[in-house]
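I opened a new notebook page today to look through a structure one piece at a time. Here is what I looked up, in the order I did it.

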Amino acid sequence: MLKRIKTINKIASFMAASLALLAAVPLQAASIDVSSIVKNAEKAAYYSGKDGRSDARMMIVDAQGRKQMRQFTILRRDVADNGDQQMMVFFERPADVKDTVFRVEKHVDLAVEDDRWLYLPALDLVKRISSGDKRTSFVGSHFFYEDVSGRAISEDNFVLQEDTEAAYVLKATPKAPETVEFAYYVVTIDKKTNLPILIDFFKSNNDNYRRVEAVKIEEIQGFPTVVRSKVSDLESGAYTLMEFRNINFDLGLADDVFTERSLRNPPREWLN
Amino acid sequence: MKNVFSAFVLSIGVASASLLDVALAQETEWDMEEWGEEEKAPKSFSGFVELAAGARLSSDPVINTDKTLADLRAQLQWDKDFDASRVKFTADLYYDGVLDQTKLQIRELAWQGSLSSILDLGEWSKKFDIKVGQQVLTWGTGDYVFLNDLFPKDFQSFFAGRDDDYLKAPSLAAKVSGFFDWANVDAVITPKFSPDNYINGDYFSFFSPFAGANVAPGFEVSSPNKPSSPEYALRVYKTIGSTEYAVYAYDGFHKSPASFTEFGEPYFSGLRVYGASAITPFASGLLNMEMAYYDSKDDAQGRDPLVPNSQSRWLVGYEQELVKNLTGSAQLYVERMSNFDALKASSLTPEFDPNKNRVLFTQRLMYRALQQTLTLNAFNFYSTSDKDGYLKLSADYSPVDQWQLSGGFNVFYGKERFSFFNQFEDASNAFVRFKYYY
């Protein structure tokens, strides 16, 4: 089946190319602009609307099948599309992290580290966190910080591997390979939604050890949105499921929602 | 159940044009029952029960038990959200097997909200938040080192190996926070003086210069020697770029009874503190600086041997992730005594006097392993001026949401029996705790 689709697709693209030649359209227009695919995918995945809120829950399943839950609410505000972002994560579950708040000022300029804070309610402590390796576990899950906040597209070189009817398949190679655990990753970007729907991470021996996939997509206020995703550790069999609910975009979240004030006294109108 | 879900995905796939390839939704096993159990809003009650035990590494001649920790504890949390405010309650009921006492500690019973939710003064009132009641308060930039944070601390719990949460003790206070373009302001009034839970001999003995040896009187400071006036604390802070600046002021009392009346009774003498701090990203980590001037009001000239002298305190710290999941930090802390010569001249026990400068280095290594279910911490205080230190080692393991197992050591070491840390040499202990969340 898949093979047939590919064949059809090849024919289709051949026809398209022939038509393009016939119409004497300049060659660049027919060639595919990889950087704009990537940019559109980033925008679709992380920059829907000017701001947004969502309830999230995660189920973390370790290699022995033991389960942990996380439940939190995310508020996000874009300083600019494909640019800097403000983010707050309010934890509700499990009991030992209830009312813990995580605050991030994300900077896309690679020379500027993200600013991060953690509010620990039992100590009434606002703890500034040193910018760490972004490819470490987000609250014990198999998602990395970078999966949640978005890996800057300027960190990788992208080449088109495959152009099917439904999707672009790109191979991404890190510009600074010593800073990451992967040799390259292959991302499938759905043409209809511009959303990355499958990302497979490989080691240098082409061993596919990690997978991030969109499991369910819904259109919310006109924005195609991943509402269920899964990340798998393909070596151990452990995985994490994440589900977003009660999603809203363009709420008009003000700058002053994303401050230390909200760590101690959360903005309830946006949380409940 | 899995099949039902597959059908669900399929039907959505057919119904929704924006759904991705069915092929991609393959082999996902979203167990809806498991998710379904928290469809409801989280319950407003939560908490845990904990069993904790600890013992001395070597016996203490002045305390007749080797037990340093023996808690059977239940914590209950409850909160209620209103439109723009919240009431929160956290209480610990525990049996303390070292003292053979059952205790209730209200860690939080406070109302918090915007001023505008109780008093409508237009835009102006929206700039203020208020938190009133029993609460834990913290500010400042130090790691286990406090300069401008004069809120009560519980050093007995810290030494015994209770959870770090218990290092901060609650106080009955009112906090007003104002948020303005020029800066943010926190003002805290604690009507009834809340001292630290200092080392008083209940669990651990301490050095008495008058006895020339360790003592364990288990004393309480009685009411005539306990301050009756309130404590005031103020912080003004602002972030400029990525750097956070703050200035602080405090008017109250020394938090432990380090002063003595003419009859030799310990009391809390007056104290004012002024200070400032900054914290900023630096290199690939975080750099923090803090200073404070401790104005010992009852001994302005430093001549009174029964009252601590004024001090200036300085802190510089740096924290960085060293390799993935391993964070290291170091701090340099200096206490400089004012009017040192005056103290020397009037001292009753000059052989046990502290140095003019107390210099302290701290190092922390924190490692997270096994998908963050295991956290290892090593924190070391070492004083180059006193040639003594305190090493705190701990491990926390929690592979599931329901329970956590912790264990560790508190080790005090040094040369002289009267120095700041080494006086607690016999307090060195090992501990283990098991916590079950309900």
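This is a predicted model: local features need pLDDT of at least 70, side-chain atom pairs count only at pLDDT 80 or more; totals for chains, interfaces and linings use all residues.

**Entry 1: strands of chain A**

Strands here are DSSP runs of E with at least two residues, helices are runs of H or I with at least four residues, and both are numbered from the N terminus. I noted that S12(A) and strand S13 (residues 239-249) of chain A pair in the antiparallel sense over five bridges. Two strands count as paired if DSSP finds at least two bridges between them. The hairpin of S12(A) and S13(A) has five residues between the strands, and Gly237(A) there takes a positive phi near 90°.

Next I looked at the other partner of S12(A): strand S11 (residues 208-220) of chain A pairs with strand S12 (residues 223-233) of chain A in the antiparallel sense over 10 bridges. One bridge joins Glu219(A) to Pro224(A) in S12(A). S11(A) and S12(A) form a hairpin with two residues between them, and Gln221(A) in the turn has a positive phi of about 50°.

Residues are numbered from 1 along each chain as its sequence is written, while chains are lettered from A and ligands numbered from 1 in the order in which they are written.

The pLDDT is the predictor's confidence in each residue, from 0 to 100. For chain A I found a mean pLDDT of 88, with 89% of its residues at 70 or more. For chain B the mean pLDDT is 88, and 90% of its residues reach 70 or more. Over residues 1-28 of chain B, though, the pLDDT is below 50, and this stretch has 29 contacts in the model beyond near neighbours in sequence. A contact means that the C-beta atoms of two residues, placed from the backbone, lie within 7 Å.

In chain A, pLDDT stays under 50 over residues 1-12, which have six contacts beyond four places in sequence. It also stays under 50 over residues 14-30 of chain A, with four such contacts. For the complex, the predictor gives an ipTM of 0.88 and a pTM of 0.88.

**Entry 2: the two chains in outline**

I counted five helices and 13 strands in chain A. Chain B comes to four helices and 22 strands. Of the 272 residues in chain A, 34% are buried; of the 438 residues in chain B, 33% are buried. Buried means that 20 or more other C-beta atoms lie within 10 Å of a residue's own, exposed means 12 or fewer, and partly exposed is in between, with C-beta atoms placed from the backbone.

The C-alpha trace of chain B spans about 90 × 55 × 45 Å along its principal axes.

**Entry 3: where the chains meet**

How many residues of chain B are in contact with chain A? I found 45 residues of chain B in contact with 47 residues of chain A. Among the elements that give two or more residues to this side of chain B are helix H2 (32-36), strand S1 (45-56) and strand S14 (270-282) of chain B.

**Entry 4: nonpolar cores**

A nonpolar core is a set of buried Ala, Val, Leu, Ile, Met, Phe, Trp, Tyr and Cys residues joined through C-beta atoms within 7 Å. The largest has 38 residues, and those with the most contacts inside it are Phe159(B), Val273(B), Phe421(B) and Phe424(B). Its largest share, four residues, comes from S11(B). A second, separate core of 30 residues includes Val61(A), Tyr145(A), Ala214(A) and Tyr239(A).

I then looked at Phe424(B), which touches Phe159(B), Phe204(B) and Phe412(B), not counting residues up to four places away in sequence.

**Entry 5: one residue up close**

Is Ile106(B) buried, exposed or partly exposed? It counts as partly exposed, because it has 15 C-beta neighbours inside 10 Å. Ile106(B) lies in strand S4 (residues 101-114) of chain B. Not counting residues up to four places away in sequence, Ile106(B) touches Ala91(B), Gln134(B) and Pro170(B).
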